[in-house]
Amino acid sequence: MNTKNSNAQSKSDLLVVKNLKKYFPVRSGVMQKVTNHVKAVDDVSFTVKQGETLGMVGESGCGKTTIGRAILRLVEPTAGEVTFEGKDVVKMTDRELKPLRRDMQIIFQDPYASLNPRMPIGESVMEGLHIHKIGTPQERWEMAINMLKKVGLEEYHARRYPHEFSGGQRQRIGIARALALKPKFIVCDEPVSALDVSIQSQVLNILKDLQAEFGLTYLFIAHNLSVVEHISDRVAVMYLGKMVELTDRDSLYKEPLHPYTQALLSAIPVSHPSEKRSRTILKGDVPSPLNPPTGCRFHTRCPIAIEKCSQEEPEFREVRTGHYVACWLAE
């Protein structure tokens, strides 16, 4: 990435991620020695501005979810910096991190697995308020009911258990729980991928309405490019632990510069049978993050790769104003 641009932190940057890495050790043998590492996230840098939605897309296993969890310290980063409102999240102790949890929340992909099946959903929404000792028990209950109403549920729902709700309703509960502490930043980890298409639009509209009402900032992780286009201001594209392209939504969808982004966009279904779209069919499978290719990680599947692509890793650089790409052939 262009050093001048990446190091100049704007006043509106709420979150700054620099050179983030997360390697998972692979152990083998009787002594369980570390023999290799899965490079889930490998040297990723980006910023998220106050009040915006940064969409993050890519194939399964490219490191999207790991980035979201590393930012929140749900998994410990191997290296790199995560700065939230000028505070270095990576270097914080558990005691220092606890008050920051109020400002940084997550909506999980599987709403059922993230809810306690033995706890009424009203208590689940209240749990964060109780941990942070916010208000009296009655005030916590009223705040929980208010948040449930914000996402389209009613007070009587608060006394029911997770198994009594549909998938869409459970995801609304997850959103209410994330909002209960009135955070500034929310990681949305594929919040609509497990829902029917009709329910997806409802949940996305709820997220947009709540963002406008509370001034929220989202990191929206998904693999559905149509969903990302609907909700995002800027879009980052991931491939095998690396960020390959980052720009505003309109630029990415109208004129993508990286061959991988072009292939992803060509796979979006057209809205009418008479419409035609040129499809880019990628050859081969995604390489293993245990042993990623040298040079550009996409060169083994790239339709326009040259010899240099397999030998040297391209710099993630700004080729146009606000448009970053990691490709030797990008103009």
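User: Is D13 buried or exposed?
Analyst: This is a predicted model, in which local features need pLDDT of at least 70, side-chain atom pairs count only at pLDDT 80 or more, and totals for chains, interfaces and linings use all residues. Residues are numbered from 1 along each chain as its sequence is written, and side-chain values use heavy atoms, with hydrogens and water left out. Buried means under 20% relative accessible area, exposed over 50%, and partly exposed in between (1.4 Å probe, protein chains only). D13 has a relative accessible area of 8%, so D13 is buried.

User: Which side chain meets D13 in a salt bridge?
Analyst: A salt bridge is a side-chain nitrogen of Lys or Arg within 4 Å of a carboxyl oxygen of Asp or Glu. For D13 the N to O distance is 3.1 Å, and the partner is K49.

User: Which parts does the pair of K49 and D13 tie together?
Analyst: Helices (H or I, at least four residues) and strands (E, at least two) are DSSP runs, numbered from the N terminus. The two residues are 36 apart in sequence, K49 being in strand 2 (residues 33-49) and D13 in strand 1 (residues 13-28), so the parts tied together are strand 2 and strand 1.

User: Is R301, the salt-bridge partner of E59, buried or exposed?
Analyst: The closest N and O atoms of E59 and R301 are 3.3 Å apart. E59 is partly exposed at 27% relative accessibility. R301 has a relative accessible area of 9%, so R301 is buried.
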